[in-house]
Amino acid sequence: MNSVPESAKTRAAALREQLHRHNRLYYVEAAPEITDREFDALLAELGDLEDRYPQLVRPDSPTQRVGGEPIDGFETVAHAMPMMSIDNTYERADFDKWVERVAKGLGGDGEGELFGGEGTRFLCEPKVDGVAISLRYEDGVLVRALTRGDGRRGDDITVNAKTIGAIPLVLDRSRRAVPTVLEVRGEVFMTYGAFEKMNDAREAEGLERFANPRNSTAGALKQIDPKQVAKRELAFYAHGRGVIEPADHFETLGEMLEALRDYGVPTNPGCAVVDSADAAWDYIETFDQTRRGLDFPNDGVVVKVDAIAQQEKLGATSKAPRWCIAYKYAPDQATTKLLRVDWQVGKIGKLTPRATMEPVLLAGTTVRHATLHNFGEVSRKDIRIGDTVVIEKAGEIIPQVVRVVIDERTGEERAIVPPEVCPVCGTPVEIETDDAGKETGRFCPNPECPAQFREKLIHFAGRGQMDIDGLGVKLIDQLLAENMVEHFADIYALTVEQLASLERMATKSAENVVAGIETSKQRGLARVLGSLGIRHIGSSTARSVCGGFEDIDAMAKADEERLAEVPDVGPIVAASLRGWLNSEVGRHTIDALRDAGVDLTSREFGLDTQASDSPFAGKTVVLTGTLEHFKRDALKGVLQDLGAKVSGSVSSKTDLVIAGASAGSKLAKAESLGVEVWDEARLRAVLDEGA
């Protein structure tokens, strides 16, 4: 490994300091001094230095935010201090009862001298409707981020938390001392602006819109690909504490929040410390008048005893601290009339009933549409066309029908009839139910349904699937606009002349695409099955299924019991695959792909016995750096065929790292852990020996 020149060390340190400062200005002080482009240029310069000299990579480097390769999963870790939930209240009387309990807990009698001579102040803060996490800083450096989990144990999402720009990787020590250990509790959330921006982008790509910011945030934090988390533009506000060492570093929660802002950790700007319970109630009433204008989901106010010593004295029940309470506002509701119901087909074929209603003002916006979720919900609530219905947002972007106003019925209302066939392509729908027999969803099983086809075609041609070079989103959109592709097999009939006739498509580019299409014919059955968008059949499952059958014909002849016997294939997958293989759509797709010359034989058949003698069998392998002689996805497939598990991150469980040129932090971590490292030459030699 190259030694690091002093000039590189000095420049990297300066860049880290600048980038941390600009992050603070942007996220905490809302006073940026440079443009996003200038920030990205500084970040790119630091990244180049770290690629050239991996020794410069540090856990607190701003480059660690951009997200590495997908991880295998999340480790469950015990909280050093439990992350308890907060009791809720919805009425002034209940709030007053909590105040009396606090008073008695601090030595007062609940009457005269309310708090037994102890001056008690309250910290009030808007309740952000997000996802609670705990950040642990040691000597000012972020070392771990955990979800709440069950309160005692949470998932380690450190790699994802680092992609959130609002979470500092290193605390600013320039204004005040930082505790040796500081656990910051807070809320990850998505602003309404970021949520709408993301949904508009999804809609433009033909994807379903997400229902609300909180669910989108929760889903993002559990992504195994950090790069996908980075795209969500998540925000963070700190609001509480876990372990602090030394324990007496802060006397009040208000003092701690001020310190966090000095450290560069964002806190809710609406927080206020008040001198009495009556003042806290005034805060609750005042905030209710202004909260709808905020750009983040909020549904109440959290009131906390401010003094940490008093918090400790009050303690907690088995479920929640006694020193805080959340006052939650009633959801915003409105009454309107249901005019009609349309059934929308989503990217995975799910049919969702969408209500069109008489326009009504709700939470500051005019609402005309609401989701009905599925026909099971329609039946349970007995919703009919022509009904007067109550709708609410309750923090949701998409309003929901809460209930029907039965007294308003005239007898002219009409039942909502669920579709028996897909409203777009006419394929008979599949109905799913829960254990109690309640309908939970209707699905169009046709992967070539026009409502789903664009997204599935992009998936089909993408990396890790059929991997068709040159057939990207823009070209697919052109092909669909010109009606040149209506089925998966139509791809294989495309000619150079047809492609060259499209706008901005030169003959050479067209030739490259046709060559990529021809090459993709030999990917094998597992790639084909995993690319078609069959429900419950992704890449990994397709490989498992193909391990039990030599070709598509043998698979198509198998009944559900035979399919379910294959390792890692259960009854749900077996039923889905069996249904598709024997449907008219499935048979047509198979025949058309076969006629087009696509290889439908299994490369995985008998894989376990073939892989048992492989040096990679049972090993966890990580690929890093730029590989000269392999495409990363192709090499991943080769190693998996030889029995390896290919991971995206280096840990103590890693057996082998394959390092190409410009390998960075993963190589450095492997060396620090003593993990075996091969270069590309050694890998090729071993693969050639086994050929």
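Helices here are DSSP runs of H or I with at least four residues, strands are runs of E with at least two, and both are numbered from the N terminus.

**Entry 1: ground rules**

I am looking at a predicted model, where local features need pLDDT of at least 70, side-chain atom pairs count only at pLDDT 80 or more, and totals for chains, interfaces and linings use all residues. Residues are numbered from 1 along each chain as its sequence is written, and side-chain values use heavy atoms, with hydrogens and water left out.

**Entry 2: the whole chain**

I began with the elements and found 25 helices and 24 strands in the chain. Next I looked up the box that the C-alpha atoms fill, which is roughly 90 × 85 × 50 Å along the principal axes.

I then checked the radius of gyration, taken over C-alpha atoms, against the globule rule of 2.2 Å times the number of residues to the power 0.38. A compact globule of 691 residues would be near 26 Å, and the chain has 29 Å, which agrees.

Buried residues (under 20% relative accessible area; exposed is over 50%, partly exposed in between, with a 1.4 Å probe and protein chains only) make up 47% of the 691 residues. For contacts, meaning heavy atoms within 4.5 Å, I noted that 68% of those with a separation of 6 or more join residues 24 or more positions apart.

**Entry 3: α1 and α2**

I followed helix α1 (residues 6-27) to helix α2 (residues 36-52); their axes come within 10 Å and cross at roughly 150°. Such axes are lines fitted to C-alpha atoms, for helices over the stretch in contact, and the angles run from 0 to 180 degrees between N-to-C directions.

The crossing of α1 and α2 is left-handed, a term used when the near helix is turned anticlockwise from the far one by less than a right angle, with right-handed for clockwise. Among the residues making this contact I picked out L15, L19 and Y26 of α1 and F39, L42 and L46 of α2.

By class, I get 10 nonpolar, 3 polar and 4 charged residues in the contact of α1 with α2. Ala, Val, Leu, Ile, Met, Phe, Trp, Tyr, Cys and Pro count as nonpolar, Asp, Glu, Lys and Arg as charged, and the others, Gly among them, as polar.

**Entry 4: α12 and α13**

Helix α12 (residues 450-461) packs against helix α13 (residues 473-481) at about 135°, with the axes 10 Å apart. That makes α12 and α13 oblique to each other; under 35 degrees would be roughly parallel, over 145 roughly antiparallel, 65 to 115 roughly perpendicular, and the rest is oblique.

I find this crossing of α12 and α13 to be right-handed. From α12 the contact uses F453, R454, L457, I458 and A461, and from α13 it uses V473, I476, D477 and L480. These divide into 7 nonpolar, no polar and 2 charged residues.

**Entry 5: backbone notes**

Most residues other than glycine have a negative phi, and most peptide bonds are trans. I kept a list of departures.

- D467, in the loop between α12 and α13, has a positive phi near 50°, and at 13% relative accessibility D467 counts as buried.
- N483, in the loop between α13 and α14 (496-500), has a positive phi of about 55°; with a relative accessible area of 57%, N483 is exposed.
- The peptide bond from E245 to P246 is cis, with omega near 0°, and P246 lies in the loop between β8 (235-245) and α8 (253-263).

**Entry 6: one glutamate**

Is E377 buried or exposed? I looked in helix α11 (residues 375-381), where E377 lies, and E377 is buried, at 14% relative accessible area. Leaving aside neighbours within four places in sequence, E377 is in contact with L372 and K438.
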